[in-house]
Amino acid sequence: MTRGLVVVEPGLLTTVQDLGRPGWGAWGVPASGALDAEALRLANRLVGNPEGAAALEITLSGPVLKAIGDLVVAVVGGPFGPAPGEVVPIPDGKTLALAAGPGAVRAVVAVTGGIDVPKVLGSRSTCVSARFGGFQGRRLQKGDILAVGEPAGRPLPGRANVARPPLGDVVLRAMPGPQEDFFDKEARAAFWSGAWRILAESNRMGIRLRGESLGFIETAALASEGTAPGAVQITAEGQPIVLLAERPTSGGYPKIATVAEVDLGLLARTAPGRAVRFERISVDEARRILAEREASVRAGSAR
Amino acid sequence: MKPAGERAWLLEWAGDESAANGKARAAAAALRAAKAPGFLDAVPSARTCLVLGGPGFDASGLPALEADPPASAPGPPPRAHELRFTPDGPDLDEIASRCGLPPESFLRAFTDLTFTVGFLGFTPGFAYLYGLPPAFHLPRRPSPRTAVPAGSVALAGPYAGVYPGATPGGWNLLGTTAQRLFDLRGDPPFLFSPGDTVRFAL
């Protein structure tokens, strides 16, 4: 192997991700892909890759990686390693330790040439729950050696900026969900005005939140229905789950809201234990904000 | 039609669930066949079809598709499957007794049925099969099992289903099949597609 990454320390949950495999929902296959798609696109742009090239998603405690060949990486998302948001060369045989800085939750590590694992159902993303795709269908372990592709472009000067969770409650913009009318007036008011703490039991399928319960939900009458990214399901105990890239393709819980796509990266960057609030916006407004964000990501920034 | 996000729409049909599901399947197949610019996915389910678009997807044709889904879905014709299974499920006796039959009679009745794959979900390759008579509609188990064996043939509500892998699950377990439902070395990797028919055999 002339270009590769040796996993010296794997970190807590390091997986290969790209922009996912939409298109297999009718067969029950989660889209998967980076939870922070914005970070993936920006990190790839920085190192000169196509924006959907496969990269590493790192979680809470970052990995230590050793270069085979002279590599260039960029870490975008949470503050991991020596120079988040910037291009970092790793010369052949040298290691890069991506220690978590204060409040670091998730980030994407892109490498010039992209992580070279086989495509499965059209994507290099790891589906952690169903154990396929990515590197051998699983999170990285100590001693794994990942092949890195040939560079397609050259690293860009400059840095990539993404929004960091502010001090205090994190505000997520959200649209009314397809089953908002399933909830009575009090439950709706409680959802939109409440503070919701992120639970440590969150994973790549969804961010679990806890706050004042919206009440016991009787779901027996609800038919299973396809789930959109950012959908906020309310469980039988009256607590929200924000569905992410690896969400099951369908579910039977009522969805009170949908988090705006532009704020899903911010949510992925927010630590368990922190509180979020939902700010109600219309679908039209969410579309307008998304179009603005698309333009800024294409220009290399997402703030 | 309801929005489910900036670029997500739910088409929905009322009335009998399996008829509604047939429309959802036809709409999803039509969207998949059309391959419109920016189209990402169409996920049929019990009464809805979720449409996911990316940049450049034009949703203006969706209301017409909801109003008048195609009578027959484009794409590969449905396949007919026969699935052999062993009636070794821990809930067989309870299922039969709740359906008011001795286990042998229940199994005979069950293997006489022809099911239709309505939709897949929960985990890759898990199919929700329509075709159970109302007398065989049972509630889910009060508390889900933490591990259901791979290949479990199971019932819950109006559906029969088969667990592709070992997962947690709350359905009533009738038996197990050795047939693989999701195998990435296979072509296609999924045994069942929406619209296929399934008969069970001992």
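Visitor: Let me start with a detail. Which residue in β18(A) does A:Ala231 stand opposite?

Guide: A:Ala231 stands opposite A:Thr258 in β18(A). Keep in mind that this is a predicted model.

Visitor: How many bridges join β15 of chain A to β18(A), and which way do they run?

Guide: There are 3 bridges between strand β15 (residues 231-234) of chain A and β18(A), and the two run antiparallel.

Visitor: What other strand pairs with β18(A)?

Guide: Strand β11 (residues 170-176) of chain A pairs with β18(A), in the antiparallel sense and over 3 bridges. In that pairing, A:Ala174 stands opposite A:Val259.

Visitor: How many residues of β18 of chain A are buried?

Guide: 5 of the 5 residues of β18 (residues 255-259) of chain A are buried, so the strand is largely enclosed by the rest of the structure.

Visitor: Let's zoom out. How many helices and strands does chain A have?

Guide: Chain A comes to 4 helices and 20 strands. Its radius of gyration is 19 Å, close to the 19 Å that the globule rule gives for 303 residues, so chain A is as compact as a globular protein of that length. Along the principal axes, its C-alpha atoms fill a box of roughly 60 × 35 × 30 Å.

Visitor: What share of chain A counts as buried?

Guide: Of its 303 residues, 52% count as buried. As for contacts in chain A between residues at least 6 apart in sequence, 75% join residues at least 24 apart.

Visitor: Which residues have the most contacts inside the largest nonpolar core?

Guide: They are A:Ala43, A:Ala55, A:Val108, A:Val109 and A:Ala110, in a core of 140 residues. The largest share of this core, 7 residues, comes from helix α1 (residues 17-34) of chain B.

Visitor: What is A:Val108 in contact with?

Guide: Leaving aside neighbours within four places in sequence, the contacts of A:Val108 include A:Ala34, A:Leu40, A:Ala43, A:Ala55 and A:Val76. A:Asp36 and A:Glu57 are also among them.

Visitor: Now the two chains together. How many residues of chain A are in contact with chain B?

Guide: 31 residues of chain A are in contact with 31 residues of chain B. On the side of chain A that touches chain B, the elements giving two or more residues are β14 (225-226) and α4 (283-298) of chain A. α4(A) gives the most, with 5 residues. By type, the residues on that side divide into 18 nonpolar, 9 polar and 4 charged.

Visitor: And from chain B, what does B:Pro3 touch?

Guide: Not counting residues up to four places away in sequence, B:Pro3 touches A:Val283, B:Ala8 and B:Trp9. B:Pro3 lies in strand β1 of chain B.

Visitor: Why does B:Pro3 count as buried?

Guide: B:Pro3 counts as buried because it has 21 C-beta neighbours inside 10 Å, and the cut-off is 20 or more.

Visitor: In what order do the strands of the open sheet in chain B come?

Guide: The order is β1-β2-β4-β3 (chain B), 4 strands with antiparallel pairing. β1 (2-5) and β3 (39-44) of chain B stand at the edges with a single partner strand each, so one side of each is left without a neighbour in the sheet. On average, neighbouring strands of this sheet are turned by 25° against each other, direction ignored.

Visitor: Which helix packs on the sheet?

Guide: α1(B) does, touching β2 (8-12), β3 and β4 of chain B. The direction of α1(B) makes about 165° with that of β3(B).

Visitor: What is the phi of A:Ser32?

Guide: A:Ser32 has a positive phi of about 60°, although it is not a glycine. A:Ser32 is placed in the loop between β2 (15-17) and α1 (37-46) of chain A. A:Gln136, not a glycine either, has a positive phi of about 55°.

Visitor: How many other C-beta atoms lie within 10 Å of A:Ser32?

Guide: A:Ser32 has 33 of them and is buried. A:Gln136 has 14 and is partly exposed.

Methods:
Residues are numbered from 1 along each chain as its sequence is written. Chains are lettered from A and ligands numbered from 1 in the order in which they are written. This is a predicted model: local features need pLDDT of at least 70, side-chain atom pairs count only at pLDDT 80 or more; totals for chains, interfaces and linings use all residues. Two residues are in contact if their C-beta atoms, placed from the backbone, lie within 7 Å. Ala, Val, Leu, Ile, Met, Phe, Trp, Tyr, Cys and Pro count as nonpolar, Asp, Glu, Lys and Arg as charged, and the others, Gly among them, as polar. A nonpolar core is a set of buried Ala, Val, Leu, Ile, Met, Phe, Trp, Tyr and Cys residues joined through C-beta atoms within 7 Å. A residue is buried if 20 or more other C-beta atoms lie within 10 Å of its own, exposed if 12 or fewer, and partly exposed in between; C-beta atoms are placed from the backbone. The radius of gyration is taken over C-alpha atoms; the globule rule is 2.2 Å times the number of residues to the power 0.38. Two strands pair if DSSP finds at least two bridges between them. Axes are lines fitted to C-alpha atoms, for helices over the stretch in contact, and angles run from 0 to 180 degrees between N-to-C directions.
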